[in-house]
Amino acid sequence: MDRKNNQKKKGFEKLKRIFFNPLFILILITLGMFSYLLSVQMRIGVPYWDVYNYLNNALIFAGMGAENNNTIIYLSPLLPFLTSIVFRIGYVSINAIFIVSGIIFILGGIGLYFLFNERFSPIQSLSGSIIFISFPVVLSWAASGCTDIPGISFSIMSILFMVIGLKRDSRYLYLILPTLVMAFLVRYTSGLIVLPMFLYLLMNYEEIKMLKNLKKIIIGIFIEFGVLIATLAYSFTRLKTAGSVFSLFASIASSSFTGANDVAHNTNVFYYIQNLLNYISIGPFQGYYQQIMNPSQGLPSLISYFIVFIVLVGLIFYINRIFMSRTKLTPSNSGKLIKISFIASLFVILVASFIYQLFVLGEIALVAFLYALYWIVIKKKSESVQDNLKMDLMFLSWFGAYLIFQSTLPLKVDRYFITMAPTVAYFIVLGLSESIRMFKPRIKLINVKSGLICLLVALLLLSCSTATFIGHTPKKTFTIDIDHSCQWIKGYDPEYNDKVICSDYPNAVNWYLKKEIRAGFPRLYNNYDDKFEDYLKKIDADYYIDATRKTHPEIRGYRIIKTFGVVAIYQKI
């Protein structure tokens, strides 16, 4: 009896360790959120223009379609390529790209937990990962088929392999380059993650020199680099996209990319800073779908104000504690003045380059400022303090690098904040932990560990974000109406493949009809219907599918033959 009881007790203890393991809890939460978000996305349809571009490219990669005027083949290819694998299996559906992007989202959340675990306790790391998932822009775009979440997920993995490769096992260093290239290929702007990685490597230069088999590691990485460069060169040449990609980066680096005609054109460099509260949490529970896809259109929730206040208090306390702690050496007053002046001058250059939108100078100034701060102030601290501060500075450079880049771009979209979301989650956990540490001795009733309080805040944030998402989510998006319109045309005109079809949402119609669609945008003609009518006659359009205008005016020579929700089908008379 005693033996059986002991076996039962041991079995119960094993189950308890599994079910209360922070990683296991995170996997359950992310799987649950993925399942729910995927079901919602399948119901409401494609939320954004670019997703159809990726779907059309996936057809090309799968050998099921050909390049035409609707396909933008130079877009980042990895997500379409992964989706094309699902197509080849036999599941040709828009849901394929939702599934692929959602799976990568899960991997990114788990990778972020392991990355946070290098700085925080397991409970705090779980809290940080949940907070990341809870951000409105992350939650609403997680299984949407866009490249923002996959891009940040592979970036997280690159950072993770670098940190644990230097701290624990150097063999992980071999995985940095492949994940970094995947991050770049899934979203080109993910390549900017090399800046915080470079800073972290600089701060760990002495440790790198002490690595075992350093020469073998360097040779291995160079071989990887050569193979990957050759593969990229072949792919871009085969796809004939090298010139387009190069031109895109050249225009961004030289700040010549304006996008003045784009609806997202915005020159306010403080756009993301001003909307930071909205990115953490929005309310109330009821609202418009666009408010969760673009939180700047909504209002911050009360929990957002509460979190930011507590975090700021904690971070101020933390910074003060770090600067007041003893150093190994105490420099003279004159030496202090020179070093402070040097750091201050770099900071002024950084702020000036940000305000005047000097992208390249700003990124250089950021890395120089943070490395100078490390070399002059932090390097003199004890080794245990240094390890934590290296992580802090790396995450700060991660946030700063993307803030400068996204703020400099004349096109500003709320989902671009996703590149900064992991760093905001990191500093929220850090600030909460420091606030709890500061107030706990003053409140005798608090005996709970700081990690559990962080977890409580994270779960509260997740609950509010999920409730808000449910309250804002519509029964469908207008792209479902486009789908229904295209299916109707197939039955109405069996010879539709031989007809000229025009639309103001051509990439979507191209996907549903699997044929080239002529683009027709009334806004380019200042909504003058007579000029747009001339355009339709010029291209001899048999059908025009109007999907984006609130009203459907009369078009000379055409008549509306069917409407589906907001979509109207015009036929030439």
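1. Glu-533 and Arg-556 form a salt bridge, with 2.8 Å between the closest N and O atoms; the term covers a side-chain nitrogen of Lys or Arg within 4 Å of a carboxyl oxygen of Asp or Glu. The pair links distant parts of the chain, 23 residues apart: Glu-533 is in helix H25, and Arg-556 is in the loop between strand S5 (543–546) and strand S6 (558–564). Glu-533 counts as buried because its relative accessibility is 5%, whereas Arg-556, at 45%, counts as partly exposed. Buried means under 20% relative accessible area, exposed over 50%, and partly exposed in between (1.4 Å probe, protein chains only).

2. On the source: this is a predicted model, in which local features need pLDDT of at least 70 and side-chain atom pairs count only at pLDDT 80 or more, while totals for chains, interfaces and linings use all residues. Residues are numbered from 1 along each chain as its sequence is written, and side-chain values use heavy atoms, with hydrogens and water left out.

3. Overall composition. The protein has 25 helices and 7 strands, these being DSSP runs numbered from the N terminus (helices H or I, at least four residues; strands E, at least two). Of the 573 residues, 53% are buried. Among contacts with a separation of 6 or more, 71% are between residues 24 or more positions apart; a contact means heavy atoms within 4.5 Å. The protein exposes about 27,600 Å², and carbon and sulfur atoms supply 65% of that area (Shrake-Rupley method, 1.4 Å probe; for residues, only the protein chains shown count as cover).

4. Other salt bridges. The whole structure holds 12 of them. One joins Asp-148 to Arg-187, with the closest N and O atoms 3.4 Å apart. Asp-148 lies in helix H8 and Arg-187 in the loop between H9 and helix H10 (194–203), so this pair ties together parts that are 39 residues apart in sequence. Both Asp-148 and Arg-187 are buried. Lys-499 and Asp-493 also meet in a salt bridge, at 2.8 Å from N to O. Here Lys-499 is partly exposed because its relative accessibility is 24%, and Asp-493 is buried because its value is 8%.

5. Ser-158 lies in helix H8 (residues 148–167) and is buried, with a relative accessible area of 0%. Which residues does Ser-158 touch, not counting those up to four places away in sequence? They are Ile-176, Thr-179, Leu-180 and Met-197. Helix H9 (residues 176–186) is mostly covered, with 8 of its 11 residues buried; among them are Ile-176, Thr-179 and Leu-180.

6. Aromatic pairs. There are 33 aromatic pairs in the whole structure. Rings of Phe, Tyr and Trp (its six-membered ring) pair if their centres lie within 6.5 Å; planes under 30 degrees apart count as stacked, over 60 as edge-to-face and the rest as tilted. Tyr-48 and Trp-141 make an edge-to-face pair, 5.8 Å centre to centre with 85 degrees between the planes. This pair spans 93 residues, from Tyr-48 in the loop between helix H2 (22–44) and helix H3 (49–61) to Trp-141 in helix H7 (residues 136–141). Tyr-48 is partly exposed, at 26% relative accessible area, whereas Trp-141 is buried, at 4%.

7. Rings around Phe-521. Trp-49 and Phe-521 form a tilted pair, with centres 6.2 Å apart and planes at 45 degrees. Trp-49 is in helix H3 and Phe-521 is in the loop between strand S4 (518–519) and helix H25 (529–538), so the pair ties together parts 472 residues apart in sequence. Trp-49 is partly exposed, at 28%, and Phe-521 is buried, at 17%. Arg-523 lies over the face of Phe-521, 5.4 Å from the ring centre. The criterion is NZ of Lys or CZ of Arg within 6 Å of the ring centre and within 35 degrees of the ring normal.

8. Nonpolar surface patch. Phe-270, Ile-273, Phe-347, Ile-349, Val-351, Ile-355, Tyr-356, Leu-358 and Leu-361 make a nonpolar surface patch of about 810 Å². Patches consist of residues with over 30% relative accessible area and no salt bridge; like charges are joined within 9 Å, nonpolar side chains (Val, Leu, Ile, Met, Phe, Trp, Tyr) within 5 Å. Helix H18 (residues 333–355) supplies the largest share, 4 residues. Leu-361 lies in helix H19 (residues 359–376) and is partly exposed, at 40% relative accessibility.
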